[in-house]
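We will go stop by stop, and each stop tells you what to pick.

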Amino acid sequence: MKQLPAATVRLLSSSQIITSVVSVVKELIENSLDAGATSIDVKLENYGFDKIEVRDNGEGIKAIDAPVMAVKYYTSKINSHEDLENLTTYGFRGEALGSICCVAEVLITTRTAADNFSTQYVLDGSGHIFSQKPSHLGQVTSLIWMASGSVSLILLMLLCIHLHGNYEITILKYGLHLIFALLLADFSLPADLSLLPLVRSGTTVTALRLFKNLPVRKQFYSTAKKCKDEIKKVQDLLISYGILRPDLRIVFVHNKAVIWQKTRVSDHKMALMSVLGTAVMGNMESFHYHSEESQIYLSGFLPKHDADHSSTSLSTPERSFIFINNRPVHQKDILKLIRHYYNLKCLKESTRLYPIFFMKIDVPTANVDVNLTPDKSQVLLQNKVLLSVPNLKMAVKAILMRMRKKKRKQFLRSLWKFVQMTGAREMYLRIQREKILNL
């Protein structure tokens, strides 16, 4: 026996983590969210195999951390395995960027609030910096002091909009800053560059030539159907995060065409409405459930008891959203349970439909193991939480029964109002008395 070369080990492990275009996007999106981003742009070219770009407005990467930012098992999110019991971030293994570097060419452009300009880093296959240079984003402020006059002002504003078009620039705000800067320049007065926040903090990660060294993997995605399926998976992934984070702005572009976008909204209901539409949300009902004994918190939206199942169910589970501790997951046991009770209580028939629903489950972090699969799409719940089947079964049943009782009360209230309006109150009471006597 002999030890495998380091490059081979990196490729073998990385190809298990980065399995597709959507896995690259997922890792980069979660890095952005961990950095506090509220605006994310995802751009793909040729279904992501030529280029994947994820741009955010997060806090950026400090220059001191840059040399190891993509080296495997370097992370700022945990210090030891004990920290997993109090994990609040999506990432923690320090594998994402390093794994992407093994299967693609990676460039990272980043800037923190303390930096005067952005820096672009070119990384090698092991995640180390191959070269670096200042980015054009950091040079905009220096151009201002060279300009004067209304024509220059207009040109500079257009340049800023062009360079920062994805950041929802408020033209008035920056226009005032530019005018002030030009006045200072004209009078040769000292200026404070902090008055010109033209370049926000953030990071842009670009992955080129995905699977360049994995020909079989690349061949697998060579058909038009598989490529389109990958775009659909990316969109579904972004929709999940968009619903989970109402304050998150997302734009998804493929070959310069906008596939899906979401603006910042106030709450989960508005986020769901932007995805499902008002007609579907009109057939949904919110719920809340709390178990102090097991510290389980359930909240979300389920179809109303008397909803039109044609608008609240699908043949696939693509709109069945399950989140555990703010992490989108694929928990088959939970999905099976909700589907069973939905069909039993709402449809009253055996079907193969999946209900449209949004369920947010919060449990103590110490009772959840998120280090179960490479993509963290499944989690393991400890037995003491008892969330697997018994407690969740009771919770879902209680929620659906509560909805059913609520509808029954509404029906009886409406019936009584109708009886009073038609003057048939005495007849109604007589019928009820006869029913009681016949029991």
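This is a predicted model: local features need pLDDT of at least 70, side-chain atom pairs count only at pLDDT 80 or more; totals for chains, interfaces and linings use all residues.

**Stop 1: a buried serine**

Select S377. At 9% relative accessibility, S377 counts as buried. Buried means under 20% relative accessible area, exposed means over 50%, and partly exposed lies in between (1.4 Å probe, protein chains only). S377 sits in the loop between β16 (368-369) and β17 (380-381). Helices (H or I, at least four residues) and strands (E, at least two) are DSSP runs, numbered from the N terminus.

Residues are numbered from 1 along each chain as its sequence is written, and side-chain values use heavy atoms, with hydrogens and water left out.

**Stop 2: the whole chain**

Zoom out and show the cartoon. The protein chain has 14 helices and 17 strands. Of its 439 residues, 45% are buried. Now think about contacts with a separation of 6 or more: residues 24 or more positions apart account for 65% of these in the protein chain.

**Stop 3: another buried serine**

Select S135. Look for S135 in the loop between β5 (129-134) and α4 (140-144). Is S135 buried or exposed? S135 is buried, with a relative accessible area of 8%. Leave aside its neighbours within four places in sequence, and S135 is in contact with T109, S118, T119 and Q120.

**Stop 4: aromatic pairs**

A pair of aromatic rings is described by the distance of the centres and the angle of the planes. Rings of Phe, Tyr and Trp (its six-membered ring) pair if their centres lie within 6.5 Å; planes under 30 degrees apart count as stacked, over 60 as edge-to-face and the rest as tilted. How many aromatic pairs does a search of the whole structure find? It finds 5.

Pick F49 and Y221. Their ring centres are 5.5 Å apart, with 40 degrees between the planes, and the pair is tilted. F49 lies in the loop between β1 (39-45) and β2 (51-56) and Y221 in the loop between α7 (215-220) and α8 (224-244), so the pair ties together parts 172 residues apart in sequence. F49 is buried at 5% relative accessibility. Y221 is buried too, at 11% relative accessible area.

Next, pick Y90 and Y241. Their ring centres lie 5.8 Å apart and their planes stand at 85 degrees, so this pair is edge-to-face. Y90 is in the loop between β2 and α3 (96-103), Y241 is in helix α8, and the two are 151 residues apart. Y90 counts as buried at 7% relative accessibility. Y241 is buried as well, at 0%.

**Stop 5: charges over rings**

The charged end of R217 sits over the ring of F211, 5.4 Å from its centre. A charge sits over a ring if NZ of Lys or CZ of Arg is within 6 Å of the ring centre and within 35 degrees of the ring normal. Then select R339 and Y354. Here the charged end of R339 sits over the ring of Y354, 3.8 Å from the ring centre.

**Stop 6: helix contacts**

Select α2 (residues 21-34) together with α8. V21, V22, V25, K26, I29, E30 and L33 in α2 meet E230, K233, V234, L237, L238 and Y241 in α8.

**Stop 7: two asparagines**

Select N46, in the loop between β1 and β2. Phi of N46 is near 55 degrees, a positive value in a residue other than glycine. N46 is partly exposed, with a relative accessible area of 33%.

End at N255, in the loop between β7 (249-254) and β8 (257-262). N255 is not a glycine, yet it has a positive phi of about 50 degrees. At 44% relative accessibility, N255 counts as partly exposed.

Note on methods
Axes are lines fitted to C-alpha atoms, for helices over the stretch in contact, and angles run from 0 to 180 degrees between N-to-C directions. Contact means heavy atoms within 4.5 Å.
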